[in-house]
Amino acid sequence: MLSQLSGRQNSEGGFGLWNQSPNSDAFVSAYIGLLIQEAKTRQVARERHGIDIERAAALWPATERYLKVLVNDASLNELSGLRTRALAVYVRTRAGITTTAEIAGIQEMLDKNVPESQRTDVTSLLLAASLKLVPHTSARPLRSARGKT
């Protein structure tokens, strides 16, 4: 599986739907980043699914660079784009990268651009999970959809 993924990773570090596609699919790239993090952190992946953890580790640096750009892409400001950015920030946070400012920026964009009635998807959950993973010394609370902290 990871050999197929390495064939789909482009020079930006993102992943296309086809081999060596110059165009990355943002959501697919963020999701593959999550898969890579899981493979790196779970021995069970190697044992049950034959995932080569070393190959996953080799894919990570370029993937992380792509996710960093994706997390900060202000043009992704509608719900689906914010969901993708929230997944990317969650993956980077899982990797041990401090993402407090990025979490706050995505939350701010969510508050600004998405009506409360549409905030029932996984975006807020991903942001809350990311914030929970950030060391407490640098974390600040997110406002909920109702404006409470």
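**Entry 1: α6 and α7.** I looked at how these two helices meet, and α6 passes α7 in a left-handed crossing (left-handed if the near helix is turned anticlockwise from the far one by less than a right angle, right-handed if clockwise). The model is a predicted one, where local features need pLDDT of at least 70, side-chain atom pairs count only at pLDDT 80 or more, and totals for chains, interfaces and linings use all residues. Residues are numbered from 1 along each chain as its sequence is written, and side-chain values use heavy atoms, with hydrogens and water left out.

The angle between α6 and helix α7 (residues 123-133) is about 155°, and their axes are 10 Å apart. Axes here are lines fitted to C-alpha atoms, for helices over the stretch in contact, and angles run from 0 to 180 degrees between N-to-C directions. The pair is therefore roughly antiparallel (angles over 145 degrees; under 35 is roughly parallel, 65 to 115 roughly perpendicular, the rest oblique). I found the contact (heavy atoms within 4.5 Å) made by Ile103, Ile106, Gln107 and Leu110 of α6 with Thr123, Ser124, Leu127, Ser130 and Leu131 of α7.

**Entry 2: α2 and α5.** Next I checked helix α2 (residues 26-41) against helix α5 (residues 79-94): the angle is about 20°, with the axes 9 Å apart. So α2 and α5 run roughly parallel. Their crossing is left-handed. On the α2 side, the contact residues include Phe27, Tyr31 and Leu34, and on the α5 side they include Leu87, Tyr90 and Val91.

**Entry 3: α4.** Which residue of α4 has the kink? I found a kink of about 40° at Trp60, shortly before the proline Pro61. The bend at a residue is the angle between axes fitted to the seven residues ending there and the seven starting there. Trp60 is one of the buried residues of α4, and so is Glu64 (buried means under 20% relative accessible area, exposed over 50%, partly exposed in between; 1.4 Å probe, protein chains only).

**Entry 4: Gly96.** Gly96 sits in the loop between α5 and α6 (100-113). Gly96 is exposed, at 64% relative accessible area. I also noted that Gly96 and Leu133 are 37 residues apart in sequence and 8.4 Å apart in space, C-alpha to C-alpha.

**Entry 5: whole chain.** I counted 7 helices and 0 strands (DSSP runs numbered from the N terminus: helices H or I, at least four residues; strands E, at least two). Buried residues make up 42% of the 149 in the chain.
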